[in-house]
Amino acid sequence: LPGLHQGARTPRQGPALLYDWSSRCYGVTVGPYRNLGSILVGSKMAAREEAEQRRLLYVGMTRARDLLMLSGGLVRKPGRDTVLALLHEAVGSGFFMEGEGDVNVAAGGMACTIIPAATAARRRFPKALSPLAAPSARPPLIDRYTVRRERRAEVRNLPRKVIPSLMKPAHPVGPEPRSRWKSGKDHARFIGICTHALLERWDFTRVTPPSETEIESICRFYIPPGADCLEIVRDDLTMIVDSFQSSEFYRRIQSAVILGREIPFVLPWGDGQIMEGAIDLMYRLDGKLWIADYKTDRISADEAPMRAQRYEPQATAYRAAVTRCLGVETASFEFVFLRPGVRVEM
């Protein structure tokens, strides 16, 4: 808190009319003339200003976390309405002795340093100020707040909510995948939505594929009427279903115990973040707990292992959700690429 030698009161210019509600008294001041009421009102205003100054000083001092530094100049004629005057009243005249020392204030204390000016009548700042020894507490304090600022910027840039499907690997895995499909992102999004909705209600014991009516109803339910991709999504979903039903994974899942589909979860993640997602399929087979995540990527069977490595952070998130929420030690994970009909165990 600098400049504690400056007065808090500002001289009034021109006539002044004051009213004290407690005594219902008016005070009038015009130049050198004033009525009797102005004496009473003026004394009450001065007491209020002093109380307000003490309150502001208290508020300012209690904002310090680690180090409180008060500074001011000892002028020849110090004003009675300055903060230094309040400190003089609190700790006595020894507070203004030249040199260094400790001053006790109630149950606490503070260090006092008086630095004499080179000349008493100096009006301008010197060209070069002599270096002053910084308190020993300042370097670690500066470093601490530097770390806090960096930490604050890092936390503000972190998304509060994390979704497994948007997680990326820390290091790039192979070349960036490029879509060979030119129908647009909306089409790919609706295909993913409709595929997951169909597999959520799929009966794995069935030997016949879903009828055109079933696929048509699902597509019409999730695709808005104004979209122009209904036929493309319907035909693409029919192809995905055929590939899925003839895959090795489909024969494998027919003998498994299905534990759940589209299982939602929420759990703390990372640095104050929240992980929220849904597990496509969880089942038990040969005494092992399995987590399956469906993918509708347009890739070949040979490209599936490399693409699975790119999705590895998602596998970590799903596996953590199952082990932490169910209290199990381990859970096996696999990506199921529906178009080529292959599974990749992670």
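Residues are numbered from 1 along each chain as its sequence is written, and side-chain values use heavy atoms, with hydrogens and water left out. Because the model is predicted, local features need pLDDT of at least 70 and side-chain atom pairs count only at pLDDT 80 or more, while totals for chains, interfaces and linings use all residues.

View 1. A search of the whole structure finds 16 aromatic pairs. Rings of Phe, Tyr and Trp (its six-membered ring) pair if their centres lie within 6.5 Å; planes under 30 degrees apart count as stacked, over 60 as edge-to-face and the rest as tilted. Here phenylalanine 265 and tyrosine 318 are edge-to-face, with 6.0 Å centre to centre and 80 degrees between the planes. This pair links distant parts of the chain, 53 residues apart: phenylalanine 265 is in strand 7 (residues 257-269) and tyrosine 318 in helix 9 (residues 312-326). Helices (H or I, at least four residues) and strands (E, at least two) are DSSP runs, numbered from the N terminus.

**View 2. Tyrosine 318 also pairs with phenylalanine 333.** These two rings are stacked, 6.1 Å centre to centre with 10 degrees between the planes. Again the pair links distant parts of the chain: tyrosine 318 in helix 9 and phenylalanine 333 in strand 10 (residues 332-337), 15 residues apart. Tyrosine 318 is buried, with a relative accessible area of 6%, and phenylalanine 333 is buried at 0%. Buried means under 20% relative accessible area, exposed over 50%, and partly exposed in between (1.4 Å probe, protein chains only).

**View 3. A cluster of rings, and an arginine over tryptophan 290.** Ring pairs link Trp202, Phe204, Phe244, Phe249, Tyr250, Tyr283, Trp290 and Tyr294 into a cluster. Arginine 343 lies over the face of tryptophan 290, at 5.4 Å from the ring centre. A charge sits over a ring if NZ of Lys or CZ of Arg is within 6 Å of the ring centre and within 35 degrees of the ring normal.

**View 4. Cysteine 219 and cysteine 194.** The search of the whole structure finds 0 disulfides; a disulfide is a pair of cysteine sulfur atoms within 2.5 Å. The sulfur of cysteine 219 has its closest cysteine sulfur in cysteine 194, and at 4.4 Å this is too far for a bond. Cysteine 219 is buried, with a relative accessible area of 0%.

**View 5. Methionine 275 in strand 8.** Strand 8 spans residues 273-285 and contains methionine 275, which is buried with a relative accessible area of 0%. Methionine 275 and alanine 321 are 46 residues apart in sequence and 8.8 Å apart in space, C-alpha to C-alpha.
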